[in-house]
Amino acid sequence: MKRMRLLAVVLLLILPLGAFCETQTITLTCAGDFLPGSNDKVSTQAYAFQRYIEQYGFAYPFEKLQSLVGTDDITLVSLSCALNDSAPVSKSPLDFRGPETFAQVLPACSIEVVNLANTHTDDFGEEGYRSTTAALDAVGVPYCGTTEFGNHACFMDVKGVRVGFVGVYPYWNKDHPRDLEKAFQFLKENHCDVIVASLHCGNEYSDIHGNIHENYGEKLKKLGANLIIGNRARVPQGLRVFDGITQLFSLGNSSYGGVTGVDEEIRCIQSTVAQFTLYFEDGKYIGHQLTLWPIHISGTSPENNYQPVLVEGEEAQEIMERMQRDTAFPLNPYVDGQGAVQDFVPWKK
């Protein structure tokens, strides 16, 4: 008996301190701007996003991405339109909406969280915003975003860990900084273990990120963000890693009904899906690892079929090279079937 006790003591002395800690992982997938609708003029046409959903069903947009979004724990997108049935018809080609029933597209596509802080949330005013949040509530999809019509943050409990989400729109937040502070405070008061910021800013179709990304990266770090996911530019841009945070400047679009390829050319078919593995030790966040997956936003060309597809070979390498030009350090290469797996980033509190 004494010999057994002695052996146990020796094992305790030689094993590393973390050997008895329980490690949890959560897989978070982030796709770019998601627009389940069109402008009012296009909505009556045979090539509109609406017609594809009517023909193929709510799950259609992300059917080709299910190897990523269907096997993860959380999928996040920026919802770039209103869900509204009753607001007056808009003549603007840049006012986007889908039917309120299209909220069902999100859970059908394995999308668990959406950001409402973006250019198009207020396309149909407060009525459009209220109908959008009501439609999301009806299907149980949580949403975040500091906007003119509401200030929301949300969180999800997964595997005993609480992941918080905040949506950031600098063109609103610059004049209403307290809204953003309140959103982060809400997540901290609810004991979120990690906070993901979805940041909507930058110049459309610019291959290079702007100063606003750097400035808001620092601001979000101070407020408590652990990851920063960029959108709005419509193209894949680069990324940076600082103080334990990965900031993606722009993923590009995902399923995007705002550009049909018929009445408006698809200016950039290239995009990216970012998949993070978040690591926790006894419930405490210790870092993350990012895998980049190059995609095309449509499986057909020139007409948009609104169904993103994973790409490989030269097409994937072109997207990685595009991201590398906007990244200050060497990205790990893309490998067919494995993605571009980046180095582990430890959290620095």
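**Helix packing, backbone exceptions and voids**

Student: At what angle do the axes of α7 and helix α8 cross, and within what distance do they come?

Tutor: Two packed helices are described by the angle and the distance between their axes. Here the axes of α7 (177-189) and α8 (residues 211-223) come within 10 Å and cross at roughly 40°. The crossing of α7 past α8 is right-handed. Residues L180, E181, F184 and K188 of α7 make the contact with Y216, K219, L220 and L223 of α8. By class, that contact has five nonpolar, no polar and three charged residues.

Student: What do these terms stand for?

Tutor: Helices (H or I, at least four residues) and strands (E, at least two) are DSSP runs, numbered from the N terminus. Axes are lines fitted to C-alpha atoms, for helices over the stretch in contact; angles run from 0 to 180 degrees between N-to-C directions. Right-handed means that the near helix is turned clockwise from the far one by less than a right angle. Contact means heavy atoms within 4.5 Å. Ala, Val, Leu, Ile, Met, Phe, Trp, Tyr, Cys and Pro count as nonpolar; Asp, Glu, Lys and Arg as charged; the others, Gly among them, as polar.

Student: What kind of model is this?

Tutor: This is a predicted model: local features need pLDDT of at least 70, side-chain atom pairs count only at pLDDT 80 or more, and totals for chains, interfaces and linings use all residues. Residues are numbered from 1 along each chain as its sequence is written, and side-chain values use heavy atoms, with hydrogens and water left out.

Student: Which residues are joined by a cis peptide bond?

Tutor: Most residues other than glycine have a negative phi, and most peptide bonds are trans. S301 and P302 are joined in cis, with omega about 5°. P302 sits in the loop between β15 (284-296) and β16 (309-310).

Student: Where does R234 lie, and what is its phi?

Tutor: R234 is not a glycine, but its phi is positive, about 70°. The loop between β10 (227-231) and β11 (239-242) holds R234. R234 is buried (under 20% relative accessible area, with a 1.4 Å probe and protein chains only), at 3%. D282, also not a glycine, has a positive phi of about 55°. D282 is in the loop between β14 (270-281) and β15.

Student: How many cavities of 30 Å³ or more are there?

Tutor: Two. On a 1 Å grid over the protein atoms alone, a cavity is a set of points where a 1.4 Å probe fits but cannot get out; lining residues have an atom within 4 Å of a point. Points are joined across faces, edges and corners, and volume is the space filled by probe spheres set on them. The largest cavity holds about 40 Å³. R234 is one of its lining residues, which also include Y205, N253 and R267. That lining has five nonpolar, one polar and two charged residues. The second largest cavity holds about 30 Å³. Its lining includes S38, F96, G257 and D263, and by class has two nonpolar, five polar and two charged residues.

Student: What volume has the largest pocket, and which residues lie nearest its centre?

Tutor: A pocket is an open set with protein on both sides within 12 Å along at least five of seven lines. The largest pocket has about 340 Å³. Fifteen residues line it, with C192, D193, G224, N226 and W347 nearest its centre. α7, β9 (194-200) and β15 each supply at least two lining residues. The lining has seven nonpolar, three polar and five charged residues.

Terms used:
Buried means under 20% relative accessible area, exposed over 50%, partly exposed in between (1.4 Å probe, protein chains only).
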